[in-house]
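Please read them with the coordinates open.

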Amino acid sequence: MRSGPGRVLAVLVGAIAVLAVIAGVVVAHRPTPTLDPGTPEAVVQEYLRAVLAGDYPAAAATLSPRSGCDARDVAAAYVPSPVRVVLVRSAIDGDVAVVTVDVTEGAADDLFGASGYTHTERITLERDAGQWLILGSSWLLSPCGSTKE
């Protein structure tokens, strides 16, 4: 049996492919972190979980009355499938917070995770009576206050 550079290269490429698949499976099956309750990040997480699960009343419960949106508006929003959302950062300035997330729509479980369209979204929250509530977002929550009759 011949053992040359081609065979070594094939074994090396095969080992890298196996490691990539294992890493992909581990990342895809890791649990979603639970954020500290009462923080803007946790409110956004609660909102997104409810929207993606189709629980529109629960999602609407995280909205500020000043948003002008209700459960019907949330139900009418475009929800991509599949979708992956990653917390990028958050900033609090007094009673206003902005939570920035990266959203990947159409993300399939392919070998290198190259599919899908990724965009960054900013979700604005306000503190109302000590509770953070979502005021607005251009993604999953269009500005519906001005379109209400």
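Is Glu-126 buried or exposed? Glu-126 is buried, its relative accessible area being 11%; buried stands for under 20% relative accessible area, exposed for over 50%, and partly exposed for what lies in between, with a 1.4 Å probe and protein chains only.

1. Basis. This is a predicted model, in which local features need pLDDT of at least 70 and side-chain atom pairs count only at pLDDT 80 or more, while totals for chains, interfaces and linings use all residues. Residues are numbered from 1 along each chain as its sequence is written, and side-chain values use heavy atoms, with hydrogens and water left out.

2. Overall layout. The protein has 4 helices and 4 strands, and from the N terminus on the order is α-α-α-α-β-β-β-β. Helices (H or I, at least four residues) and strands (E, at least two) are DSSP runs, numbered from the N terminus. Of the 149 residues, 28% are buried. The accessible surface is about 9,500 Å², with 59% of that area belonging to carbon and sulfur atoms; the areas come from the Shrake-Rupley method with a 1.4 Å probe, and for residues only the protein chains shown count as cover. Among contacts (heavy atoms within 4.5 Å) with a separation of 6 or more, 47% are between residues 24 or more positions apart.

3. Core. The largest nonpolar core has 21 residues, and the members that touch the most others are Tyr-47, Leu-63, Leu-125 and Ile-134. Such a core is a set of buried Ala, Val, Leu, Ile, Met, Phe, Trp, Tyr and Cys residues joined through side-chain atoms within 4.5 Å. At least two residues of this core come from each of helix H2 (40–53), helix H3 (56–60), S2, strand S3 (117–128) and strand S4 (131–137). H2 gives the largest share, 6 residues.

4. Salt bridge of Glu-126. The whole structure holds 3 salt bridges, a salt bridge being a side-chain nitrogen of Lys or Arg within 4 Å of a carboxyl oxygen of Asp or Glu. One of them pairs Glu-126 with Arg-66, at 2.9 Å between the closest N and O atoms. Arg-66 sits in the loop between H3 and helix H4 (71–76) and Glu-126 in strand S3, so the bridge ties together parts that are 60 residues apart in sequence. Arg-66 is exposed at 62% relative accessibility, whereas Glu-126 is buried.

5. The other salt bridges. Asp-95 and Arg-127 meet in a salt bridge of 3.0 Å, N to O. This pair also links distant parts of the chain, 32 residues apart: Asp-95 is in the loop between strand S1 (83–93) and S2, and Arg-127 is in strand S3. Both residues are partly exposed, Asp-95 at 46% and Arg-127 at 33%. Asp-70 forms a salt bridge with Arg-72, with 3.0 Å between the closest N and O atoms. Here Asp-70 is partly exposed at 23% and Arg-72 is exposed at 61%.

6. Glu-105. This residue lies in strand S2 (residues 96–105). Leaving out residues up to four places away in sequence, Glu-105 touches Tyr-78, Pro-80, Pro-82, Gly-116, Tyr-117, His-119 and Trp-139.

7. Tyr-78. A polar contact of 3.4 Å joins the side chain of Tyr-78 to that of Glu-105. A polar contact is a pair of N or O atoms within 3.5 Å; within protein, one must be able to donate a hydrogen and the other to accept it, and residues adjacent in sequence count only if both atoms are side-chain atoms. Tyr-78 is placed in the loop between H4 and S1 and is exposed, at 56% relative accessible area. Tyr-78 also touches Leu-140; the C-alpha atoms of these two residues are 6.2 Å apart, although 62 residues separate them along the chain.

8. Backbone points to check. The peptide bond between Ser-81 and Pro-82 is cis, with omega about -10°, and Pro-82 is in the loop between H4 and S1. Ala-129 has a positive phi, near 55°, in a residue other than glycine. Ala-129 lies in the loop between S3 and S4 and is exposed at 81% relative accessible area.
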